[in-house]
Amino acid sequence: METTKLPPSSPSSPTTSFSVPSAEKVDGFPRRSMRRARQRRSHSSSQFRYQSSQVELTPLPLLKDAPVAELHDLFCKKLQQCCVLFDFLDCVADLKGKEIKRAALNELVESVATSRGVLIEPLYPEAIKMISVNIFRTLPPSENPEFDPEEDEPTLEASWPHLQLVYEFFLRFLESPDFQPSMAKRYVDQKFVLQLLELFDSEDPREREYLKTILHRVYGKLLGLRAYIRKQINNIFLRFIYETEHFNGVAELLEILGSIINGFALPLKAEHKQFLVRVLIPLHTAKSLSIFHAQLAYCVVQFMEKDATVTEYIIRGLLKYWPKTCTQKEVMFLGEIEEILDVIEPSQFIRVQEPLFKQIAACISSPHFQVAERALYFWNNEYILSLIEENCQVILPLVFATLYRVSKEHWNQTIVSLIYNVLKTFMEMNSKLFDDLTASYKVEKQKELKRERERADLWRGLEEHQDRRMQMLTEAARNQRNLQERGERGDPPSPSSPQTAHSDQPEPKPSGASSSSGAGESAT
Amino acid sequence: MAGADGDDSLYPIAVLIDELRNEDVQLRLNSIKKLSTIALALGVERTRTELLPFLTDTIYDEDEVLLALAEQLGNFTMLVGGPEYVHCLLPPLESLATVEETVVRDKAVESLRKISQEHSPVDLEVHFEPLVKRLASGDWFTSRTSACGLFSVCYPRVSSTVKAEIRQHFRTLCADDTPMVRRAAASKLGEFSKVLELDYLKSDIISLFTALASDEQDSVRLLAVEACVSIATLLPQEDLETLVMPTLRQAAEDKSWRVRYMVADKFSELQKAVGPEITKNDLVPAFQNLLKDCEAEVRAAAANKVKEFCENLPEDSREQIIMTHILPCVKELVSDTNQHVKSALASVIMGLSTILGKDNTIEHLLPLFLAQLKDECPEVRLNIISNLDCVNEVIGIRQLSQSLLPAIVELAEDAKWRVRLAIIEYMPLLAGQLGVEFFDEKLNTLCMAWLIDHVYAIREAATCNLMKLVEKFGAEWAQNTIVPKVLGMANDPNYLHRMTTLFCINALSEACGQDITTKQMLPVVLKMSTDQVANVRFNVAKSLQKIGPVLDSNALQTEVKPVLEKLATDTDMDVKYFAQEAISVLALA
């Protein structure tokens, strides 16, 4: 931790990468292990700049000692006192003031949590103001631009000793039996909520945890803000998916949404379906999926349990965004598919089985054994197995060729034996179909080869044709240019006529050209 | 086949469309990438009436396929029959401009912008502008986002009533409900301003600019800063103060560091756009604040602009402004807590010397250079060293040489090989500026030490460095100072060092000339052909091949040939291989 006295001109410049091993920037390959070895650093936001001069705090009498008549007044004064911000990067600065504020916050938390009748109307604006002043700030730039939440230690908020108490106060305030949504809604408005949502990008997991509970309470108590909150979360997600790929609080927001979805009324509104199809499903494309996949899959399954008709959207969506190169994500997708199949309605299953099992077959033939293994585990799931059995006529032909081929080719013994089990299961399910498919396997293979040859022929023909056409077009263009030049020389004073002639030109050309090409064709 | 029917019957469209519908994505993608081939086979008419409708109807594919399609259609004008039919391409591109995936949408917009130029003014109004309108009022944000990129391409070529409509649509999108659309509009604000008439610029754009610059989201506000450059360039000087400056001042003090960063990053452009008077009165204090910003990112961005900003200051007051306003901030940055800030400064600070002239440089800048040369961060030191030439022109490098040397020595011995590599690359430059005496006295040992570095990349760079030094100081210098040392390494017990001798000879023979090569280098090489390490032996063969052209034919025949012939019968197959290669290249067979 850096404790150097900062130059007087910038009384609170944020910590900077002081401890970064020198020359790391020059050495292009900072090793992971080294980066992780760096000590945990904390950062603070750039708000101090805007606070003109530090106010000296003086301790106020304790709330519990105050006569009832002065209680509210004192409460209000304490709230105002807590609006003063301190520089936590300089950990020796103004220790007395920090302690006074900490004590005051503790008292406020205690008071809101335990005593009744404290929250009267005039305190609402003061309380919300204190909360806003403390928590709303522009989050500082990430110290580690390639911050990987799975690998790296997060940068922690330096002012947490105060910030935590402010969050705690806010939470107790919202949860107090005295809390009146009708009064709060004048101060906890759209702008407030928007700023609250922006804080979810904080790198500090402790802060996000508080924000999650708080936003959930706000959503629960302030009905007028619900639609707005959902819309803004959508915007955050869409920006995350399509613009920045960076937002630290996706998992927390999804967790809140999980319970929100749970409470949706039936039938589902178009807005909610749109949210599923255009936001939740595309979230699967994110690079950092692993961080919030559990929460995302939960939301998706919640939707299905609400309304089975969305199943098809979900499965087709997942198939559309199926990972092409990232096997780790592929395993996650397969896990999610299994969660979905666990609760799928048989009538819905029939609608998606064809594309779904084509993808599963592709996964089984993946050279990455974890992907193949994860797909083959589906046959260990009794409910899925029963669905497969019911639709054996459709599914077996889809996967048979793959199973047959991979059973002979896969490098990994575990996969081979899993496939044998699957083949055995199918044989028991429908031995007639199984035998037919085995018999026709070779023929199908031949047919496929033939189709491939035909395609190659077709394209060869097309390309030859293209070459001939290109030649003719360039010739035609040359002739036209010659004509034009001659025309210009012979007939200069009509500038408008060449233009019409120009646009007429291309029409007759192709037919003339094509007849000559046809002649060429018959000659060969 | 009935050739007389022409191409149109060559291939039934169904076959071709089957290719575009193939189940295998990869095959589908291949077909789409060759869409022009298919269109050629169909001819212009069937392309218009059958292929394009098919493409328009089946836009539910993988994004990768859609991206290829969006790109192809931008080059389709001739394939549908030329400019008069180009509007046939609009329906599929319109659908592509509404999809979710950003890259597809962007590509569709790019293609639309491209083909907009091929529309006649009439077609533009009849076909293109209605499309822009539909996109601008689409339900989902994607189509509205795409619309933002299309206004500026059609505005200049439509009638005044349509122009009014376009302005109205742009206004609506700037105030859109979703931040995604506002961001798209803000990012096109500058571009749109450029095609607008001055009156409308003042009446319409300024209010939009002001609104976007005070948006609730910093991601929108920072884009307005970019637009600020274009707008300020377009407006007459007398309007800037009232129309642009209040917003710019506000942006420079925005509570979000991202916006301030953007201002710092665009500072030179802003400076040029607002002109000298406003620069003096407003930008100088703003720049000072950015250099003192509490966020390191902002300070680094501003530090990067120090030289450019000073260079572009009005000449009459340049020196005074730099000395009284900028230099004090720069002095503080030299001891900044953040290494990125310091290294950004170090990469431009030397440029100030040309602006301030000799006396000021010696008095004010030199101490800063010296401080930075002693900085704990090697990148800072490297940045200073790599820009020495600027100072050299003004005050000569001698002033610095006393501090330079310890800095160079320290970098030369840095634990990170990339740092060592970087300083080696500046050696020829330094040698040129410091002169041969200084070099021999102080730096020669360093250059030789690098030859036995334990990292190959350093040894390799050191070899190359020697060659450049010889090119600079001449063959005679080489003969006296480095050749003996290089040849001495041929007897080193470490075979890697012995090989370095060979690598040096490869690099130096040409620069040293025939005489030195034949008399001094060749005997050493030949002697090494009996080395017990095979790697050395085959490098002897390679070296002989390399220096062969420098030798005369007598030496080649009498000395080189026998050795190579012997190596060609070596027990090691690599040695044999390279010996034979050398024999054939030098035509000694």
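**Exercise 1. Decide whether B:Phe267 and B:Phe287 are buried or exposed, then classify their ring pair.**

*Solution.* Start with accessibility: B:Phe267 and B:Phe287 are both buried. A quick caution before going on: this is a predicted model, so every value here is computed from it. Next, the rings. Their centres lie 4.9 Å apart, with 35 degrees between the planes. Planes under 30 degrees apart would count as stacked and over 60 as edge-to-face, so what falls in between is tilted. The pair B:Phe267 and B:Phe287 is therefore tilted.

**Exercise 2. Find out which parts of chain A are linked by the ring pair of A:Phe75 and A:Phe169.**

*Solution.* Over all chains, the structure has 35 aromatic pairs. In this one, the ring centres of A:Phe75 and A:Phe169 are 6.5 Å apart and the planes make 45 degrees, so the pair is tilted. Now place the two residues: A:Phe75 belongs to helix H2 (residues 68-81) of chain A, and A:Phe169 to helix H5 (residues 160-175) of chain A. They are 94 residues apart, so to speak a link between distant parts of the chain. Both A:Phe75 and A:Phe169 are buried.

**Exercise 3. Work out which rings the charged ends of A:Lys98 and A:Lys408 sit over.**

*Solution.* Take A:Lys98 to begin with: its charged end sits over the ring of A:Phe88, 4.7 Å from the centre. Then go to A:Lys408, which lies over the face of A:Tyr404, with 4.7 Å to the ring centre.

**Exercise 4. Explain why B:Cys228 is in no disulfide.**

*Solution.* Count the bonds to begin with: there are zero disulfides over all chains. For B:Cys228, the closest cysteine sulfur is in B:Cys174, 15 Å away, which is too far for a bond. The cut-off used here is 2.5 Å between the sulfur atoms. B:Cys310 is in no disulfide either, with the nearest cysteine sulfur, that of B:Cys329, 10 Å away. As for accessibility, B:Cys228 is buried at 2%, and B:Cys310 is buried at 0%.

**Exercise 5. Describe how H10(B) and H11(B) are oriented and which residues meet.**

*Solution.* Begin with the geometry: the axes of helix H10 (residues 160-174) and helix H11 (residues 179-195) of chain B come within 8 Å and cross at roughly 135 degrees. Now apply the cut-offs: over 145 degrees would be roughly antiparallel, and 65 to 115 roughly perpendicular. H10(B) and H11(B) are therefore oblique to each other. Then list the contacts. From H10(B) come B:Ile166, B:Arg167, B:Phe170, B:Leu173 and B:Cys174. They meet residues of H11(B) including B:Val181, B:Ala185, B:Leu189 and B:Phe192.

**Exercise 6. Name the buried residues of helix H16 of chain B and what covers them.**

*Solution.* In H16(B), residues 257-265, the buried ones are B:Trp257, B:Val259, B:Arg260, B:Met262, B:Val263 and B:Ala264. Their cover includes helices H13 (218-234), H15 (245-252), H17 (267-291) and H18 (296-304) of chain B. One residue of H13 is B:Ser230, which counts as buried at 14% relative accessibility. Leaving aside neighbours within four places in sequence, B:Ser230 is in contact with B:Gly190 and B:Lys194.

**Exercise 7. Track down a cis peptide bond and a positive phi in chain A.**

*Solution.* Recall the background: most residues other than glycine have a negative phi, and most peptide bonds are trans. For the bond, go to A:Leu266 and A:Pro267: the peptide bond between them is cis, with omega near -5 degrees. A:Pro267 is in the loop between helix H10 (250-262) and helix H11 (270-280) of chain A. For the angle, check A:Glu245, whose phi is near 60 degrees. A:Glu245 lies in the loop between helix H9 (226-244) and H10 of chain A, and is partly exposed at a relative accessible area of 35%.

Conventions: Residues numbered from 1 in each chain as written. Chains lettered and ligands numbered in written order. Predicted model: local features only at pLDDT ≥ 70, side-chain atom pairs only at ≥ 80, totals over all residues. Heavy atoms only, no water. Buried < 20%, exposed > 50% of the residue type's maximum accessible area, 1.4 Å probe, protein only. Helix = DSSP H or I, 4+ residues; strand = E, 2+ residues; numbered from the N terminus. Contact = heavy atoms within 4.5 Å. Phe/Tyr/Trp six-rings, centres within 6.5 Å; stacked < 30°, edge-to-face > 60°. Lys NZ or Arg CZ within 6 Å of the ring centre and 35° of its normal. Axes fitted to C-alpha atoms, helices over the stretch in contact; angles between N-to-C directions. Parallel < 35°, antiparallel > 145°, perpendicular 65-115°, else oblique.
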